[in-house]
Amino acid sequence: MKKVKVGFISFAHMHAASYLLGMLKRDDVEVVGIADEDAERVRPYSVDRGIRYYADYNELLAEELDAVVICSENSRHAEITKHAAAAGKHVLCEKPLGLSESEMLEMIQVCKDNGVQLMTAFPCRYITSVRQAKEAIDAGQIGDILAMKGTNRGSMPGGWFIEREKSGGGAVLDHTVHVMDLMHWFTGSKAEEVYAHAETLFNDTEIDDAGMVHVKFANGVVAVLDPSWSRNRTFPTWGDVTLEIIGTKGVLNIDSFAQKNDVYSDVTGKAAWSFWGDDMDEGLVNSFVESIRDGKPVEITGEDGYYSARVAIAAYESASTKRTVQLKAQG
Amino acid sequence: MNIAILGCGTMGMAYAHNLAKMPGVTVTGVVDLNAERAEQAAALTGAKAYTDVDSLLEQKDLETVAVCLPTYLHKPFVLKLAEKGLHVICEKPAALTLEDAQEMKAACEKHGVRLFIGHVVRFFPNYQDAYRKAHSGHIGTPKMAHFKRYGSYPQGMDLWYNDPGKSGGVIMDLMIHDIDFACWLFGEVESVYASIVKRAEPEMEYAQLTLHFKNSSIASLTGYWGYPGPFTTQFEISGDQGIIRFDSNQVQSLDIKRVSAEAGDGAAVQVPASPSLHDPYYKEVLHFIECIRDGSEPLVSIKDACYAVQIAQAAEQSAQTGQPVTIGGTVL
Ligand SMILES: NC(=O)c1ccc[n+]([C@@H]2O[C@H](COP(=O)([O-])OP(=O)(O)OC[C@H]3O[C@@H](n4cnc5c(N)ncnc54)[C@H](O)[C@@H]3O)[C@@H](O)[C@H]2O)c1
């Protein structure tokens, strides 16, 4: 069997670890190497597992690889993606795809020009309840979508996430994109107008950790989304992904992490939710690998990444102008 | 305390149930255009039934009137009662516009009578508990909140709820409960943004709104008339040191399932219920009556009620214009 040869570039975003574990479960994948400027950070994943370590990602790109997984700081997605594309590697890039409309459009173009695929890492598309919701909606079970309310709340991650030069934004950027992508996927339409608040409410940080994002879609659907890092230390889990969809014939609710046991532990000193549902990261990785292996189009494109990240970018503009922001229709 | 009930529909009957068993209170009259409804309320309370308010007003010892009329009738009847020197307990929303609500307030002040608006959510034990916890440092400083209030499409006499000119629609009628609670929690509103979805066949109205407060807090509210599920209320208040959550579908202290269930509950207007010695409506009216007796200030003032109407109007305006609406100036 011909294996798909994959390299990992940067573990700045720890999703890399779970994507790696997903890859390692497959016998049609060979993980060739891991590049990261911080050798210690990736030691448990690279050398300790017998996977080659590269201090410079360009050296990894010089290897014979089919694809790379990029989990760098947000500000480096564009640069690394373009290098990878130029080296002829397909790319799975962590969200948000980029920090400006122009840099994302360039990433997409460069991948096209080099004949490689660009997939945006939106693992929420592989939550089983989300997939079944999509099927139910497509089957017309709740009629036409009228309105949606989503939450993707979390905890303040710290580190580079709260350094603006590296992250490009706080909670509103970090947590708008996932559910925005689901909203695009479910409606088959595109966000056209954004009104938002971005605030620092919960933490002693410079960057926004709270917000509320209202969106109007081209097909008339209205939606609102809470992307705040509002989960406190004793909250029983790190966050949530919920989406309520009001249709002409019914209402559908997704509570992605509701499949949990309640755990009350004197050892950890707090109540906790122990999730036992399917692993979404594995679903994402499998989809990417299969697309590359079989030469099929990736399920979540660079355009998809662009369409949801630009909502977050517009949200900041709206929060500062206190007005609605119109998004340009793209080709 | 001699009290009369004006309007014997869903709310009027709820008042009748509660007032009939309230110590020290005598229901002396019940009024409804619909004689059958007035008779029903009379049977419950032992009061005299009337089909017009003027006959009621001939009663010499009447002190207070509970106004449970469709919202668009609140103002004319409250003005009339105030003029007669009667205290008024009026259902929410106070009126359909801030101007009307303020006129009611001014009239009651002028005639030296008390006016209370039934923002009953402030009397719900779950909301009260959340308010107290949020304001006693348990979750640090409250910063954000979500509120949800979903029910079937309300059935009023002659379909008055379906006419936005009479009920004000889902924001003014239903979501005003959470608007008032959010303002109680976070204070003055800086701006409001709202979207509304409305359809006929089957009739539904859904809205989502965001309140941005002067202290930077954010509240997200959704309300739904025509929800296909059970009457549902939810809230979450998140502070910088904790979170308080409630979901009406997860607090059943009593659950009975019967083998042959009869057709679903056909309440004309769904109101939340949870096993308790007295429902929140009882506690609310008792509180207002005590305020009348001892001259004390109520938990929810007419000023608060006017403010809630102002915010609901601003939300409606935002939904119409598609732009946020800033709340100008200070509260009256
Ligand atoms: N606090 C709450 O939870 C809550 C719940 C439901 C309704 N409400 C409010 O209570 C008020 C009444 O609502 P409802 O659902 O009981 O309405 P309803 O239609 O059930 O009852 C209104 C009654 O008033 C009577 N009426 C109308 N015009 C009259 C007149 N001129 N003279 C005498 N009687 C007249 C009607 O015949 C009817 O019986 C509204 O303002 C509504 O917003 C509050």
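How many residue pairs are in polar contact between domain 1 of chain A and domain 2 of chain A, both at pLDDT 80 or more? The count is 12, where a polar contact is a pair of N or O atoms within 3.5 Å; within protein, one must be able to donate a hydrogen and the other to accept it, and residues adjacent in sequence count only if both atoms are side-chain atoms. Keep that interface in mind, as the tour begins there.

**Before you start**

This is a predicted model, in which local features need pLDDT of at least 70, side-chain atom pairs count only at pLDDT 80 or more, and totals for chains, interfaces and linings use all residues. Residues are numbered from 1 along each chain as its sequence is written, chains are lettered from A and ligands numbered from 1 in the order in which they are written, and side-chain values use heavy atoms, with hydrogens and water left out.

**Stop 1: the two domains of chain A**

Select residues 4-123 and 281-300 of chain A for domain 1, then 125-277 and 310-326 for domain 2. These bounds come from an automatic or database domain assignment. Taken over C-alpha atoms, the centres of the two domains in chain A are 24 Å apart.

Now show where they touch. In chain A, 21 residues of domain 1 are in contact with 17 residues of domain 2, contact meaning heavy atoms within 4.5 Å. Together these two domains bury about 1600 Å², with 60% of it on carbon and sulfur atoms; buried area is the accessible area (1.4 Å probe) that two parts lose on being put together, summed over both. Colour A:K95, A:F122 and A:P123: they supply 29% of the area that domain 1 of chain A buries against domain 2 of chain A, more than any other three residues.

Next, look for charge. There are two salt bridges between domain 1 and domain 2 of chain A, a salt bridge being a side-chain nitrogen of Lys or Arg within 4 Å of a carboxyl oxygen of Asp or Glu. Pick A:R310 and A:E101 to see their side chains meet in a salt bridge, at 3.9 Å from N to O.

Helices (H or I, at least four residues) and strands (E, at least two) are DSSP runs, numbered from the N terminus. The largest share of this side, three residues, comes from α9(A).

**Stop 2: the two domains of chain B**

Move to chain B and select 2-119 as domain 1, then 121-276 and 301-326 as domain 2. Here the domain centres, over C-alpha atoms, are separated by 25 Å. The contact takes 20 residues from domain 1 of chain B and 23 residues from domain 2 of chain B.

The area buried between these domains of chain B is about 1900 Å², and carbon and sulfur atoms give 69% of it. Highlight B:L96, B:L98 and B:H119, which lose the most area on the domain 1 side of chain B, together 35% of what that side buries. One salt bridge is counted between the two domains of chain B. To find a salt bridge in chain B, select B:K92 and B:D173, whose side chains meet at 3.6 Å, N to O.

**Stop 3**

Zoom in on β8 (189-199) and β9 (204-213) of chain B, which pair in the antiparallel sense over 10 bridges; two strands pair if DSSP finds at least two bridges between them.

**Stop 4: where the chains meet**

Finally, show both chains. Each gives 34 residues to the contact between chain A and chain B. About 3000 Å² is buried between the chains, 58% of it from carbon and sulfur atoms. A:K149, A:L201 and A:F202 supply 19% of the area that chain A buries against chain B, more than any other three residues.

Three salt bridges are counted between chain A and chain B. Finish on A:R231 and B:E236, which form a salt bridge with their closest N and O atoms 2.6 Å apart.
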